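Here is a short briefing on one protein model. Read it beside the sequence and the structure.

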Amino acid sequence: MFNIGTDTYQNYGNVKQTNDFGYIFSKSEYSQFPSQYISTLVKTNNIGIEQWSQNFELTVNGDYAPKLELTPDGGIMMIFDRHLIKLNAYGEIEWSSQELNELREIKQSLDGGYILLAGSDPEGN
């Protein structure tokens, strides 16, 4: 969604149902003046009442909301093009990684680790 006259672009990401039958979704907003990219993760209960939200100010190549993956411990993985953030079930950051090249997907492996799928740009970087 682009708000005419405000130079603001909003994008909503995927929605996942959580272990407690609530929902988690992401949205992002890019503002040109000042140049700023903020992504928000929102957790609701099963009838849509917000339980918590968390804002993340990031530099990304593209204006889209992050992908979400739920983890077996009830936490959330947020996937951006160059960022990976692991949150607990309450939206608190447990760990993060940056400067990953074109991160596309993440899946949890059988041993509890993670498998990352990343790409490269047309020049092979």
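Two strands count as paired if DSSP finds at least two bridges between them. Strands (E, at least two residues) and helices (H or I, at least four) are DSSP runs, numbered from the N terminus. This is a predicted model: local features need pLDDT of at least 70, side-chain atom pairs count only at pLDDT 80 or more, and totals for chains, interfaces and linings use all residues. Residues are numbered from 1 along each chain as its sequence is written, and side-chain values use heavy atoms, leaving out hydrogens and water.

**Overall make-up**
- The protein has eleven strands and zero helices.
- Of its 125 residues, 34% count as buried (under 20% relative accessible area; exposed is over 50%, partly exposed in between; 1.4 Å probe, protein chains only).
- The accessible surface is about 7500 Å², and carbon and sulfur atoms hold 51% of that surface (Shrake-Rupley method, 1.4 Å probe; for residues, only the protein chains shown count as cover).

- Four strands form an open sheet in the order 6-7-8-9, with antiparallel pairing.
- Strand 6 and strand 9 (93-98) are the edge strands, each pairing on one side only.
- Strand 6 (residues 67-70) and strand 7 (residues 76-79) pair antiparallel over four bridges.
- Lys 67 stands opposite Ile 79 in strand 7.
- Strands 6 and 7 form a hairpin with five residues between them. Gly 74 in the turn has a positive phi of about 90°.
- Strand 8 and strand 9 run antiparallel, joined by five bridges.
- His 83 stands opposite Gln 98 in strand 9.

**Nonpolar cores**
- A nonpolar core is a set of buried Ala, Val, Leu, Ile, Met, Phe, Trp, Tyr and Cys residues joined through side-chain atoms within 4.5 Å.
- The largest one has ten residues, among them Trp 52, Phe 56, Leu 68, Ile 76, Met 78 and Phe 80.
- Strand 5 (50-57), strand 7 and strand 8 (83-87) each supply at least two residues of this core.
- A second, separate core has five residues, including Met 77, Ile 79, Leu 84 and Leu 103.

**Asn 45**
- Asn 45 is found in the loop between strand 4 (35-44) and strand 5.
- Asn 45 is buried, with a relative accessible area of 19%.
- The side chain of Asn 45 reaches the backbone nitrogen of Ile 47 at 3.0 Å.
- Leaving aside residues up to four places away in sequence, Asn 45 touches Gly 22, Tyr 23 and Gln 51 (contact means heavy atoms within 4.5 Å).

Methods
Polar contact = N/O pair within 3.5 Å; in protein donor to acceptor, adjacent residues only side chain to side chain.
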